[in-house]
Every structure is written in C-alpha cells, then in structure tokens.
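Have a look at the structure first.

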Amino acid sequence: MTLHLILLAIALTGVSGLLALLVPRAHGARVATATLLVGATAGAAGAVLALRGEAVRRAWPWAVPGGALSFRVDGLAAMFLLQIFVIAALGAIYGVGYFSDEQQPQHARKVRAFYGLTTAGMSLLVASANAVLFLVGWEVMALAAFMLVSTDDEDPVARHAGLVYLLSTRVGTLCLIAYFALLRSVTGSFSLDVAALDAARPVSTALFALALAAFGLKAGVMPLHIWLPGAHANAPSHVSALMSGVLIKMGIYGIVRAVSLFVAPPVWWGGLVLSLGIASAVLGVLFAIGQHDLKRLLAYHSVENIGIILMGLGVAMLGRAFGDETLFVLGAAGALLHTWNHGIFKALLFLSAGSAVHAAGTREIDRLGGLSKKMPATAGAFAVGAIAICGLPPLNGFVSELLVYLGLARACAATPGPLFAAGAIGAPALALVGALAVACFVKAYGAVFLGEPRTEAARHVHESGPAMLGPMATLAVLCVLIGVGPVLVAPALDRALVSIGGSGAPVRSAAPLSLLTWIGAPLLFVIAIGVIWAYRRRVASRAQPTWDCGYAAGTARMQYTSSSFAEIIVGLFSTVLRPERSAPKIDALFPAASHFHSHVPEVVLDRAIAPTFRVTGRALASLRWMQRGSVHLYVVYVFAALVLALLVFR
Amino acid sequence: MSSAVDPVLVLVLLLNFYVVGTSRLHAVINGVALQGAVLGVLALLVHSGSVLSVLVALATILLKGLLMPMMLRRAMREASIRREVEPFIDYVPSLLAVAVATGASFAFARRLPLAPQHVGSLLVPASLATVGTGFLVLATRRKAITQAAGYVVLENGVFVLGVGLLEAMPFLVEVGVLLDLFVAIFVMGIIIYQVNREFASLDTARLSNLKE
Amino acid sequence: MSTVDTALHVALTLVAPPMLLGVVNKTKAAFAGRVGPPLLQPYYDLARLSRKGMVFSSTTTWVFVAGPVVALVTTLAAAVLVPFGARGAALSFAGDMILFAYLFGLGRFFTVAAALDTGSAFEGMGGAREATFSVLAEPALFLGLMVLVRLSGTSSLSTMLGPGLAHHWGVMGASLVMVVASFVVVLLVESSRVPFDDPNTHLELTMIHEVMVLDHSGPLFGVVLYGAAMKLFVLGALVVRLVLPMDTAHAWSDWGLFALGMIGLSIGIGVVESVMARLRMRQVPNLLVGACLLSAFGIVLLAR
Amino acid sequence: MAYALVLIPVLFAIVAAAIRSDRVRPWVLTAAGAVQGLAVVRALTMPAVAGLEGWLVLDGPGRLVMGLTSALFFACALYAPGYLRQRSDRPNRVFVTCLLLLDAMLMLLAEAHHLGLMWVALEAATLSAAPLLTFNRNQRSLEATWKYLLIGGVGVALALLGSLFLAYSELQAELEPSLLFGVLLEQAPHLSKPWLHAAFVILFIGYGTKMGLAPMHTWKPDAYGEAPGIVGAMLAGGVTNGAFLAIVRFDRICQAAGDGKFAQELMLVMGLLSMGLAGAFMARQRDYKRMLAYSSVEHMGILVVGLGIGGAGVFGSMLHMINNGLTKGVLFLSAANIHRAFGSKNVEDVSGALRRVPASGALFLAGFFAVTGSPPFGPFLSELTIVRAAFAAGRYGVAAAFLVMLAVVFVGMGSAVVSIAQGSPSQHAQSTTFRDELGTVAPIALCLAVVLMLGVWVPPPLERLLGDVAISLGGAR
C-alpha cells in the first residue's frame with residue numbers, strides 16, 4: 001500500500017504537466033495542478049504511512065543492464081518524500097496564481113511540465129534502491145530543473161545561470177556515476193540496499209570523496225555552490241522554492257545514505273564534513289549579506305543552511321566514530337530536522353519574496369520598501385520565514401539548531417581531542433552564523449517591507465491572491481507548529497535514525513523537546529498579548545511623519561538601504577567577500593549628479609572557476625593548429641600514428 | 001619463387017626514388033605507370049606460370065600501367081599544369097627521406113619472420129619502403145595530381161605484399177582490389193577536375209578553408 | 001529550587017533592573033562630584049512615561065510597536081533561565097544556554113526591525129550597528145560558554161554556574177578570568193554602555209541603541225528603557241555569578257551575596273563610564289574581536 | 001537472404017537512377033528503407049544467414065551493425081523526401097543513387113565474413129559516399145571531399161596492408177592461407193605473433209581512419225560539416241560502425257590468439273586520445289556541425305575504450321554502438337533542420353532554435369542530452385556499463401580519464417547547444433522559409449523515441465544478442 005501510493009505519486013506528478021499539454025490551453029493549468037495535487041497527496045499519505053510503519057522494500061525485474069526496479073521506503077526516504085510532496089504541492093498551487101497562462105503565455109505550460117518532472121525525478125531517486133534507477137531519477141530531476149532555471153531564456157543572465165547550473169550538475173552526475181561504479185566494484189551489484197561496508201579500506205575513502213563531491217555539488221556546499229545563487233535567483237519563485245526547499249536536499253539525502261553505508265566512519269570524515277559545514281554556513285551567510293538581489297540573498301542562505309545541516313551530520317559522524325550514540329542522535333536528528341525546517345521556511349521565504357517581486361516587478365532590494373502596508377499578509381509570511389531561518393525561538397529553525405548545538409556542546413565536553421575541537425570551534429561558529437543571519441534577514445525584511453517605498457513601482461503594489469497566500473500561510477503555520485511542538489516530529493526522526501543505523505534511542509531522550517512547547521507557547525502568547533496591547537494604544541494615538549532630526553526635505557531614497565545596512569559587515573569581512581565599489585571622486589564644492597555602485601561578486605565562480613575555464617579554454621584552443629586545414633599535415637598524422645603504434649605496441 | 005624477383009623489387013625501389021626526385025608531372029606519372037607494370041611482371045615471377053597469376057598480371061598491367069596513368073594525364077591536360085612547385089620538402093631532401101624510409105623498412109622487416117618460400121627476399125622491405133614513399137609524396141607535394149600519384153605509389157607498396165600472397169588472396173578479391181583502386185583514382189580525377197574548376201588551381205595547400 | 005525562590009527570582013527580575021541604573025548614575029555622579037539623581041529616579045522616569053501619550057510615525061506598522069514588547073518579553077524569558085547567584089535559575093534544562101542567547105536574538109530582530117520600520121536613516125544606522133556588533137559579540141559569548149561547558153560537562157546554565165564552579169576556579173582560574181573579561185565586554189556592548197555606546201549623549205551619529213528608538217515615545221519608550229535595564233540585569237547576573245561562585249548554603253545569604261554582587265557590578269559600570277571615553281565607532285569591532293580572542297584563549301588553555 | 005540484403009538497395013539504386021523526376025525520386029529512398037527494413041527484420045529473426053560459401057555470414061556483431069544501419073537508413077529515408085523538397089534547387093539523382101549504394105555496401109560490410117570482401121565493401125562505401133559530400137557543389141564541399149577521399153584512401157590502403165599482414169601471419173606459420181574469418185579464428189592460436197601484432201596495429205590504424213579515431217579523424221569535421229545532415233547521419237551512424245565492426249573482428253582474432261592484452265592496450269590509448277582530442281576541439285567550437293563531427297570522434301573513442309577495457313565493457317561498447325548511432329541520427333537530422341531554418345551553421349548566428357523551430361530545437365536539445373549520456377536515454381546505460389567495467393577491472397586511471405573527458409565534452413558541447421537552443425532568434429532567421437513539418441520532424445522523433453526506449457528498456461532479444469557478442473569477444477554481460 002505504502003509503496004503503491006508512492007509509485008502512483010511518482011507517476012502522477014511526472015505526467016501532470018505533460019498531460020496538460022494534451023488538453024486545451026484554457027484547462028491546462030487546472031489539469032496539471034489537479035493531477036500533481038492528487039499525486040502529491042497520495043505520495044504524502046504514503047510517506048506518512050511509511051513513517052508510522054516498517055520500512056518497505058520491493059523489487060521488480062527491469063530489462064536494463066545492471067538495473068532493477070527496486071524500491072526502498074524506510075524512515076529516511078519517507079522523511080524526504082514527505083518533504084518533496086508537501087512543498088511541491090504547495091508550490092504548484094502557488095504557481096496557479098503566480099505563473100498563470102495569462103501572465104506567462106510563453107512559459108507557463110513548459111514550467112508546469114518540467115515542474116512535475118522535477119518532482120517525479122526527486123521522489124524516484126529517493127525511493128529507489130538501485131543505482132541505475134537512482135541515476136535516472138537524479139538526472140530527470142537535474143535536467144528538468146535546468147529547463148526550469150532557464151525558463152526566461154531570452155534574458156542572457158538567466159541563460160547564463162542555466163548554463164552554469166547545467167555544467168555543474170553534469171560534473172556532479174559524472175562523480176555520481178564514478179561513485180556507483182566504484183561501489184558496484186566493491187559490492188558486486190548496483191543495489192543500494194547493501195550490507196555495512198568496512199570504512200578502513202582505501203576504496204572506502206574514494207567512495208566517500210566521490211559521494212561528497214557528487215552530492216555536495218547538488219547540495220551547494222561551499223565551494224561547490226557556484227551554480228546555486230544564479231539558479232535560484234533566476235528561476236520562477238515557486239521553482240526556486242522547490243529547488244531550494246527540496247532539490248538541493250537530494251544532495252543531503254545522498255550524503256546521508258553514502259555515509260550510512262559504513263559502520264564506523266573514520267574520525268576525519270566527520271571532521272571534514274563538519275568543517276565543510278562550518279565553511280558553508282559562515283561563508284554562505286556572509287555572501288548573503290552582501291547581495292542586492294532578494295532572491296540571490298535567499299539563495300546564499302541555502303548555502304548557509306546546507307552548512308548547518310552538514311554540521312549536524314558531521315557531529316553525527318563523529319558520534320559514530322567514537323561510539324557515542326547520543327552524539328549521533330543529536331547530530332543526525334538535528335541535520336534531518338533542519339532539512340525539513342529549511343525546506344519549509346526557505347520555501348516560505350521564496351514564495352513570499354516571489355509575491356513581493358511579482359507585485360513590484362523587481363528583485364532589487366534597494367528599489368523596494370514599505371511593501372508591508374499594501375501587502376500585510378506577504379510581509380507577515382516573510383517575517384515568519386525570516387525569524388525561522390535565523391533559528392530564533394519559538395519557530396522551527398530553533399529546534400533543529402538546538403539539536404546541533406546540543407551535539408556540539410556534548411562534543412565539547414567529551415574527552416577525545418577531536419570531539420572537543422569540534423565543539424569548541426563548531427558552536428561559536430554556529431553562533432556567528434546565527435547572528436549574521438539575524439543581521440541579514442532583518443536587513444532584507446526591513447528594506448523590502450518596512451519604511452517607505454523607494455520607487456513608484458513599490459508604492460503601487462497590491463496583495464497577492466489566495467492561491468499564492470494559501471501556500472504561504474500553510475508553510476508559516478508549519479514553521480510555528482514544529483517550533484512550538486517539536487515532539488510532533490520526534491517519532492519521524494526516530495524512524496529515520498533507525499534506518500541509517502541508529503540504535504533506536506529516541507530523540508526525546510537526548511534533547512528537551514517537550515520543554516520547548518512549555519516555553520514557546522507562553523512566549524508566543526505573552527508576545528501576542530503585548531503587541532496587541534501596544535497596537536491598540538497606537539491606534540488611539542496621534543500619527544506624524546518620522547522624526548527627521550530637523551531636516552525638512554527628507555525623501556524615501558534617503559532611507560537606510562540594504563547596502564548601507566550591510567556596509568560595516570561587508571567591510572569587516574572584505575578579505576573573503578572582495579566587494580567591488582565604484583565611488584565618484586567628489587572634489588568640487590558643488591559636485592554634479594553622480595553614481596555610487598557596490599557589488600559583492602560570486603567570488604568562487606568569478607575569481608576561481610571562470611578564470612580556470614578561460615585558461616583551459618585558451619590552452620585547448622592552442623591545439624587548434626593541429627586542425628588547420630592542411631591535408632598534408634593530416635597525412636603526416638596518420639603516418640605518425642602508424643609508426644608510433646607499430647613501435648610501441650609490438 | 002624465381003630468382004628474378006629480387007631484381008624486379010629493386011627496380012620498384014628505384015622507381016620510388018625516381019618518382020620522388022622529379023618535379024615534372026609527366027615523369028611522376030610515367031614512373032608510377034612503370035611501377036604498376038613492373039608489379040604485373042612481379043606477379044608472374046612470384047607464382048611462375050599459374051593461370052591465376054597470368055590473369056592478375058594482365059589486370060595489373062592494364063589498370064596500373066595503362067588506365068590509371070591515363071586518367072592522371074587527362075587531369076593534367078585539363079588543368080594544364082606540368083610541374084610540381086615548391087614541395088614542402090624539396091627534391092634532394094625527399095630523396096634522402098626515401099633512402100631513410102627504405103633503410104627503416106629493412107630494419108623493421110628484420111623483425112618479421114618470413115615464410116619459407118620467401119626467405120631472403122626483399123618482398124617485405126620493398127613493400128614497406130614503397131608505402132613509406134607513398135606517404136612522403138602525399139604529405140609533401142602540393143599538386144592534387146601528384147598526390148593522387150602518391151596514393152598510387154602507396155597502393156603499389158601494398159600490392160607488392162599482395163603479390164607475395166596471391167594464394168591467400170584469391171583472384172576475385174585481387175581483381176576487386178584493383179577495380180576499387182581504379183575507381184578511387186577515377187573519383188579522385190573527377191574531384192581534381194572540379195577542384196580545378198572551382199579554385200582555378202590544383203594547389204592542395206590552398207584547400208585549407210575548412211579548419212579550426 | 002523552591003517555589004519561594006522561583007517567586008523571588010521572577011519578582012527580582014521584574015523589580016530590580018531600574019535600580020541598577022540608579023546605582024550606575026549615582027556612581028557617575030559621585031565621580032563627577034555631584035549629588036546626582038535619586039537612586040529611584042529610573043522608576044520615576046518609567047512611571048512618568050507610562051502616563052504620557054504617544055506619537056507614532058505614519059510610516060510605521062505593527063512591527064514598530066512589537067519591537068519594544070518583544071525585546072522586553074524575550075529578556076524576561078531569558079531571565080528565567082539565568083541563575084541568580086547560588087540560587088539557580090527558575091527553569092533549567094540541557095541546552096538552556098542556547099535558548100538564552102537566542103531569545104536575545106529574537107529581541108534584537110524586532111528591535112532592529114522596529115527601527116527600520118520608521119524609514120529614518122538615523123534609526124537604520126543604529127539598527128545596522130546593533131546587528132553588526134552583535135555578530136561579533138555572539139561568538140565571544142559562545143566561546144565563553146563553551147569554556148564553561150567543557151569545565152562542567154553540561155549545557156545548562158544553572159549547572160555550569162552551579163556548585164562546581166568554585167572548584168573550577170581553583171583548577172582552571174586562568175580560563176575563567178578570560179571568560180569573565182570577555183563576558184564583561186559582551187555585557188557592555190549588549191546593554192549599550194560606555195565604551196561602546198553612551199546612554200547620555202543624544203548625538204545621533206555616534207550612538208547605537210539610543211538612535212534606534214528615536215521615534216518611540218510615551219509608555220512604549222518606557223517599555224524600551226525597562227527592557228534595556230532588564231537586559232543589563234540579566235547579563236549582569238551571569239557575570240556576577242561567574243565572579244562570585246561562592247555557595248553559602250543559606251538561602252537568604254545566597255540572595256544577599258547576589259544582591260551585593262549586582263550592586264558591585266553597577267558600581268563597576270559606573271566607574272568605567274566615569275573614567276573612560278566612548279570608543280570611536282571604528283574601534284568597536286576590534287574590541288569585540290579581542291573579546292572573542294580572550295574566550296578562545298580560555299578554550300585553548302583547556303585543551304591541555 | 002544474404003544476397004537479398006545487399007541486392008535490395010542495389011536494385012532500388014538502379015530504379016532511382018532510372019527515374020527522371022527529382023520530385024518523385026526521393027520516395028524511392030523511403031520505399032527502399034521500408035523494404036530493406038522488413039528484410040532485415042526477417043534476417044535478424046532467422047537463426048542463420050549465410051552465402052557465397054562462407055564469405056557472407058551474418059554473425060552477432062554483424063547483426064547489430066546491420067540492424068542499426070537499416071534502422072538509421074529507414075529514418076533517413078523517411079526524412080529525405082521532406083528535406084530534398086527543401087533543396088529542390090539541386091538535382092538529386094546522384095545523391096539518391098549513391099545513398100542507396102552506400103547503404104548496400106554497408107549491408108555487405110555487415111555480413112562480409114571475408115577479410116578481402118569486407119575491405120572491398122568498405123572501400124566501395126567510402127567511394128559511394130564521395131558524391132554525397134559534394135551535394136552542395138561549392139568550394140567548401142569540394143575541399144571536404146578531397147580531404148575525405150585522400151585521408152580515407154590512405155586509411156583504406158593501410159587496411160589492405162594490414163589484411164595482407166594478417167594473411168602473411170598464416171603463411172609464415174605454414175597454415176593454409178585463408179582470409180575467411182571463421183578459418184582465421186580457428187587458426188588464431190597458431191598465427192605468427194610478430195605478423196599478427198603488426199597486422200592488428202596496421203588494421204587498427206587503417207580501419208580507425210575510417211572510424212575517425214584521433215589522430216586519423218581529421219577528415220571528419222570537414223566532411224560532416226559540409227555534407228547534408230542525412231549524409232552526416234549515415235556516415236556517423238553507419239560507415240563508422242562498419243569500420244568498428246571490422247576492428248571488433250580483429251580484436252576477436254587477437255583474443256583467440258591469446259594476445260588480447262596487447263590489442264586492448266592499443267585500443268585504450270587510442271580511445272582515450274580520441275575522447276581527449278575531441279573534447280579539446282569541441283571547446284568553444286563555433287560550427288555546430290563540426291561539433292557533431294567531434295562528438296562522433298569522441299564516441300568512436302568510447303567504443304574502443306569499452307572494447308579495450310574488456311569484461312562488461314565489451315557489452316557496453318556494443319550497446320553504445322547502437323545508442324550512439326541512433327542518437328547521431330537525431331543530432332545530424334535536427335541540426336540539418338536548424339541549419340535550414342537559420343541559414344547558418346555558426347553558433348554565433350544561431351540562437352533561439354526552440355522558438356524558431358520548436359520541434360527541431362527540442363529534438364536537438366534532447367539529442368544533446370542523450371548523446372552526452374544523460375539518463376533516461378540509451379547512451380547513459382552503455383556509458384555507465386563501460387565505466388563500471390573499468391572500475392571492476394581495476395582500471396581506475398582509465399575510468400577517471402574517461403569521466404574527465406566526458407565532462408570536458410559536456411562543457412564544450414553544452415555551451416554551444418544551449419546557446420543554439422535558447423534565446424531569441426535573429427531577424428534574419430525569422431525571414432527564412434523553412435518550417436518544422438511532419439516529414440522533417442517525425443523521423444527524428446522516431447529515432448529519439450528508440451534511443452529513449454533503449455534507456456528504459458533493452459528488449460530481451462537484443463540483450464541476449466549483445467550478451468552473446470560480448471562473451472564471444474571475451475567480455476561479459
């Protein structure tokens with residue numbers, strides 16, 4: 001039953017958009033969305049069943065070399081499946097309002113088709129227990145997502161973003177192929193449901209490295225994140241939500257699966273994952289602060305949150321390495337819960353950002369402002385997402401970060417040196433990340449939704465319709481629900497931990513989850529009472545313009561912009577961020593009108609990858625003389641090949 | 001196997017030098033034609049007297065000694081050119097190169113053990129040296145006609161060995177091979193004709209528009 | 001922890017904070033050779049503000065009023081988690097130190113958002129500074145907390161600052177000294193005191209906290225001031241317990257010791273504010289990084 | 001049956017030559033494709049097809065090549081009428097006739113079980129393709145044809161030399177000289193080693209030239225770049241595989257002689273070299289038809305690498321031959337449509353193919369994904385099989401190099417294909433008359449459908465055949 005529901009969901013979501021191509025345009029959106037919703041509901045039901053029952057395994061023969069239609073839905077898979085289906089469904093509903101045929105006659109059908117395919121690809125790979133099947137799901141997801149990223153292919157920026165994504169994802173896929181082929185040479189089959197491997201063999205290290213590269217690229221681990229900002233920024237917002245919310249998590253899923261193949265991973269594996277996590281988290285949030293593009297900013301936060309997830313995973317691996325089950329539980333539960341949480345609040349943020357961008361027609365933060373008066377629901381949703389992503393209580397982000405923190409603290413207090421180092425470095429790093437995230441999101445929220453509108457376009461916005469607000473509200477409620485009642489999700493986490501080699505120790509025994517309800521609920525209540533009290537006082541009071549310190553000619557453009565807000569932090573970390581500024585030199589007493597421009601580039605892509613490509617391209621181009629049109633030279637090649645081959649191979 | 005085989009093979013080798021050493025296209029074509037005819041004789045000598053060898057010899061002399069040179073001469077007339085100009089390797093160095101190729105062929109042939117009936121013969125080195133000469137002409141001469149002639153030399157080199165293997169290559173194949181070669185030269189002739197018309201030149205060094 | 005203690009804990013949190021400000025101001029007055037305002041002047045101020053009407057900027061939204069309220073409520077919630085001297089906290093569990101720190105984060109989010117809500121360049125500037133400096137203060141705090149975690153083997157504030165602390169002072173005094181120094185810096189920056197901020201000036205360009213609340217008025221401004229005082233009190237309690245790790249075994253003497261510690265701390269702050277000038281804004285990050293390094297050294301010392 | 005397979009296209013060629021109307025003639029191709037398709041299906045279902053006293057034997061590899069060639073020819077034959085109607089400015093008598101002759105020679109090549117006959121078939125195929133290349137009658141196509149003839153001729157000459165060497169290896173070992181594969185295989189263990197080795201090397205270089213392995217590939221970009229798409233498809237999917245079939249047979253003789261290792265090393269080196277050079281030349285390639293030619297070079301490299309790895313690699317290589325051949329059909333034919341629509345084969349002039357010719361553009365893009373080994377298309381399975389064979393054989397270096405080359409190729413090809421497919425078409429492109437129509441799109445879609453099918457379902461008979469071939473070549477399933 002469970003598996004059938006999920007297979008039905010894969011099939012329905014996959015064909016949803018294609019089916020819609022067969023019906024008249026007017027009904028396309030309805031058919032596609034309805035099919036996808038039915039599929040997603042079935043899938044979500046299946047995932048919930050799987051989270052409550054035993055792991056499901058089933059295999060059918062498949063006439064493909066090395067392939068088998070073999071499926072496995074255990075706790076871990078079910079967790080990811082549930083996330084996929086919920087967010088895909090909400091995104092699809094949102095898409096009805098956001099990306100309708102009327103507004104996007106050229107693209108709407110295409111986007112629906114590939115949206116469904118992406119969803120199906122993801123759920124297929126998660127449910128599969130065979131490498132070939134996994135790769136099929138993986139690449140369907142990756143290529144469909146490429147089509148989604150380059151939806152607006154007439155815009156060169158979007159096209160470039162699509163290309164960067166396409167090239168990166170292929171490099172990842174090739175690593176993945178190497179990984180599975182190597183795994184097969186160890187286990188003798190393409191089955192992914194394999195008995196525990198010995199981590200001490202050299203081949204295991206290679207496996208781990210390949211998995212980390214392949215899945216890390218998809219997850220967007222620093223410095224493999226190069227494709228991510230452009231892709232998330234340029235895709236339609238519900239696609240960004242799907243990609244950032246669940247697609248990059250497929251990388252996490254892969255890493256978790258890869259690591260759990262081994263009984264006791266060496267200490268340095270955990271250390272490496274933790275370090276990568278710290279690097280991603282810190283650098284991700286730093287780059288986010290420097291962005292002017294709202295969706296790019298959110299994209300960098302995906303890098304950050306992937307970092308936090310990896311930190312949890314690193315802690316879990318260290319726990320494994322030292323045989324500390326509690327540490328494993330804390331780290332793994334933190335990582336997995338954060339995977340869910342990030343999916344929820346990042347989707348919420350992208351959807352609400354999309355709503356704002358849709359209304360105002362620009363992604364430039366410094367051209368927005370004051371939207372919350374016209375779009376209170378969107379603003380509220382964004383605020384909930386922002387608080388959640390900063391990991392602040394009493395929302396869901398805090399719960400998962402707390403688990404990671406508890407793991408780090410436990411590590412810090414433990415005897416072995418590596419654990420102590422992990423905790424002593426990890427916890428303050430996470431604190432730094434938290435504070436940076438607050439700075440970044442208060443900036444984004446403030447600059448976009450608060451204050452006065454900076455442009456006319458931002459002044460004349462209006463609130464989105466129910467199709468868009470509904471999914472946002474649902475996600476916001478989920479943020480609060482998991483934040484205030486984390487015990488609700490604890491059984492799912494327990495189930496998932498068992499499927500990756502946990503001993504069955506419940507998360508609740510390792511962390512004070514139920515206490516969070518007793519703190520969170522009153523906190524929310526008191527804050528609500530206080531704010532309502534203050535707001536009622538406000539309604540009864542006088543209103544005047546903001547105090548302008550006596551300067552009478554203030555304009556909306558004199559507000560503190562997001563760039564100015566971030567200026568000090570960007571300056572503090574300029575060694576990494578390498579901000580570019582072009583400031584006019586003002587030397588006259590009455591200077592003419594002028595421009596100031598600042599920009600934080602994608603350092604890894606612009607300073608490392610792109611130059612490497614240029615140099616390599618030039619080096620390869622220097623081989624061009626070989627094929628310069630001279631048939632005489634070509635004859636020489638044949639002769640040389642003949643003579644050399646005769647001499648070498650005899 | 002007749003004792004006259006080796007002198008004939010030496011003639012083949014000498015013709016290599018002749019073809020490489022001259023700039024006049026007439027001389028090149030004549031050299032190639034003579035080489036072809038000599039191969040026909042060779043076939044007779046190697047398998048003295050069998051019907052098969054007579055037929056092959058006749059076919060060879062007809063095709064390689066008469067028809068192919070005719071085609072080339074016609075192309076030459078159409079294009080009204082007489083001399084090869086500025087080869088990529090000049091004539092004297094070319095002669096030296098052929099000498100080196102011949103030496104190398106002898107050295108390489110020592111590695112290949114011969115069948116009892118061929119022990120001591122020049123069959124293999126002569127074949128390889130002629131193939132090498134063919135490559136040299138193909139790679140260094142500018143005129144399409146010279147290149148076509150070089151291709152025939154290359155084929156002649158292959159044929160030297162083929163003659164030694166007449167039993168292994170029954171008549172049908174042998175003639176098929178000859179016919180194919182003929183058609184190849186024929187097609188080349190057509191192309192040469194068209195090239196000449198389109199480019200107003202037969203300098204293949206000018207055929208370098210297609211490149212990276 | 002008895003019910004009485006809990007009640008006392010909450011009551012103290014609610015009532016005592018303004019008193020600290022009174023002590024600080026008295027100390028500064030004494031240094032300046034003035035009589036100074038009455039000790040209870042902060043209470044009078046709050047009472048006065050609560051009776052006033054309010055003026056709101058037409059630019060603002062509900063976020064503007066939420067700022068002070070959330071700041072106050074979160075501080076109050078954080079106070080419940082902090083041990084007041086040897087008496088422990090009203091509520092303690094594994095990981096409460098994280099909740100403690102993050103509650104302040106929530107407060108900060110709303111305070112800064114409220115500042116941005118006004119659309120004023122000055123308040124935006126203040127918000128940016130507040131957010132920036134906390135970025136550096138937060139790791140300093142956590143590095144210090146990790147020292148305590150390492151020493152005590154727990155992540156609960158009440159336990160790490162509990163009876164074992166005195167023993168750790170004996171063994172790992174050097175580390176703890178560094179933690180105390182680092183925490184004092186965090187305390188000063190978080191509660192906007194000299195040398196980071198001067199609560200007495202009103203020059204917008206030089207301030208952090210004050211400049212964020214330019215538009216708040218009346219009772220809401222009272223909430224702001226009250227919240228700020230409470231934050232000082234809560235963070236101060238942490239430092240006091242660290243410096244006075246004694247355990248007298250008597251409830252009332254424990255409370256007394258704590259009270260004395262808090263008064264001492266206030267006097268200390270007053271002294272600092274009297275003898276030091278406010279730092280130039282550009283040097284603030286350096287000092288905070290210094291605080292981080294101090295705590296980090298504290299950890300490194302433990303690595304032996 | 002063995003004769004019919006060759007004679008059917010020859011007869012149709014005669015018919016085509018006899019027909020006067022340029023409009024009617026292309027339909028002869030369609031008819032020939034259909035009739036030949038039926039004949040081939042019949043032949044493939046027969047347990048044994050032989051003729052000419054063992055000179056014609058349809059063995060396993062031959063069946064694969066024949067099936068592939070006829071399928072590809074069928075697609076081209078469906079496509080040809082639509083295409084030639086677009087090109088009504090050119091007489092097509094020579095074109096259609098030679099295309100049929102080429103097809104006939106490929107059929108002969110597939111079933112020739114005699115070294116000499118195979119050589120003759122290849123030479124004849126080479127020659128019958130020459131007039132096809134000059135279809136456009138311009139300087140560029142002439143130049144391409146000259147280079148094709150000259151380099152191809154050298155390759156064919158070497159192939160003959162190698163055949164003679166192989167025959168001499170029998171003579172020297174005092175065996176009954178015979179050029180029949182069956183006999184050669186039986187006698188393989190006794191062949192003279194020095195002659196066998198030299199023979200294999202020369203044959204490999206010779207047939208490798210026809211296959212287009214680097215560095216003997218130089219004619220390929222010129223020929224494919226200047227020829228009509230149909231010719232490109234038939235050359236890249238037909239002639240090259242015929243040459244590969246020959247190499248497969250020589251490899252089998254080497255295996256039977258117990259000298260497989262040496263042959264494998266040679267194939268690995270040349271295969272990786274081909275992949276690498278192809279990748280290098282595809283980077284920033286400005287001409288998309290030349291790019292497809294380099295892609296062909298790359299995939300020929302993959303084929304011999306698979307053969308060189310052995311084990312399951314042989315299986316993968318055989319499967320890849322089919323996948324690549326069909327995918328090349330998709331790519332060359334859709335590229336031809338794009339070429340017609342935009343009037344340029346320069347990447348810089350062509351953008352927005354998805355808007356200008358939506359079906360052709362989409363097929364081109366899908367073909368690109370397929371040829372670069374993206375699941376769920378067929379080439380993915382075959383490449384995966386080769387990679388896993390490399391790992392299983394412990395050839396980690398080869399596997400790593402293989403994957404790196406695939407990445408390089410993807411970067412080069414991907415950049416060009418994406419910029420062709422996406423964006424907005426230029427003014428000039430809007431003004432050309434070419435439009436997607438059923439005749440020029442459906443055959444390509446058919447090819448792609450088969451490629452897709454081979455990626456999600458390898459029909460059991462095909463799987464068995466591939467497995468048998470692999471095992472006969474010393475490989476594994």
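## Who touches whom

Keep in mind that this is a predicted model. There are 4 pairs of chains that touch, and chains A and C make the most contacts among them.

Not every pair meets, though. Chain B and chain C do not touch, with their nearest C-alpha atoms 55 Å apart. Chain C and chain D don't touch either; for that pair the nearest C-alpha atoms are 41 Å apart.

## Chain A against chain B

The contact here draws on 10 residues of chain A and 13 residues of chain B.

## Domains of chain A

Chain A splits into two assigned pieces: domain 1 covers 344–536 + 560–582 + 597–601, and domain 2 covers 607–648. Between the C-alpha centres of domain 1 and domain 2 of chain A there are 53 Å.

## A helix pair in chain D

Helix 15 (residues 358–371) and helix 17 (residues 396–421) of chain D have axes that come within 10 Å and cross at roughly 165 degrees. An angle over 145 counts as roughly antiparallel, so that's how helix 15 and helix 17 of chain D run relative to each other. The crossing is left-handed.

Helix 15 of chain D brings D:Gly361, D:Phe364, D:Leu365 and D:Phe368 to the contact, while helix 17 of chain D supplies D:Met413, D:Val417 and D:Ala421. By class, that's 6 nonpolar residues, 1 polar and no charged ones.

Definitions and conventions: Residues are numbered from 1 along each chain as its sequence is written. Chains are lettered from A and ligands numbered from 1 in the order in which they are written. This is a predicted model: local features need pLDDT of at least 70, side-chain atom pairs count only at pLDDT 80 or more; totals for chains, interfaces and linings use all residues. Domain bounds come from an automatic or database domain assignment. Two residues are in contact if their C-beta atoms, placed from the backbone, lie within 7 Å. Axes are lines fitted to C-alpha atoms, for helices over the stretch in contact, and angles run from 0 to 180 degrees between N-to-C directions. Helices (H or I, at least four residues) and strands (E, at least two) are DSSP runs, numbered from the N terminus. Angles under 35 degrees count as roughly parallel, over 145 as roughly antiparallel, 65 to 115 as roughly perpendicular and the rest as oblique. A crossing is left-handed if the near helix is turned anticlockwise from the far one by less than a right angle, and right-handed if clockwise. Ala, Val, Leu, Ile, Met, Phe, Trp, Tyr, Cys and Pro count as nonpolar, Asp, Glu, Lys and Arg as charged, and the others, Gly among them, as polar.
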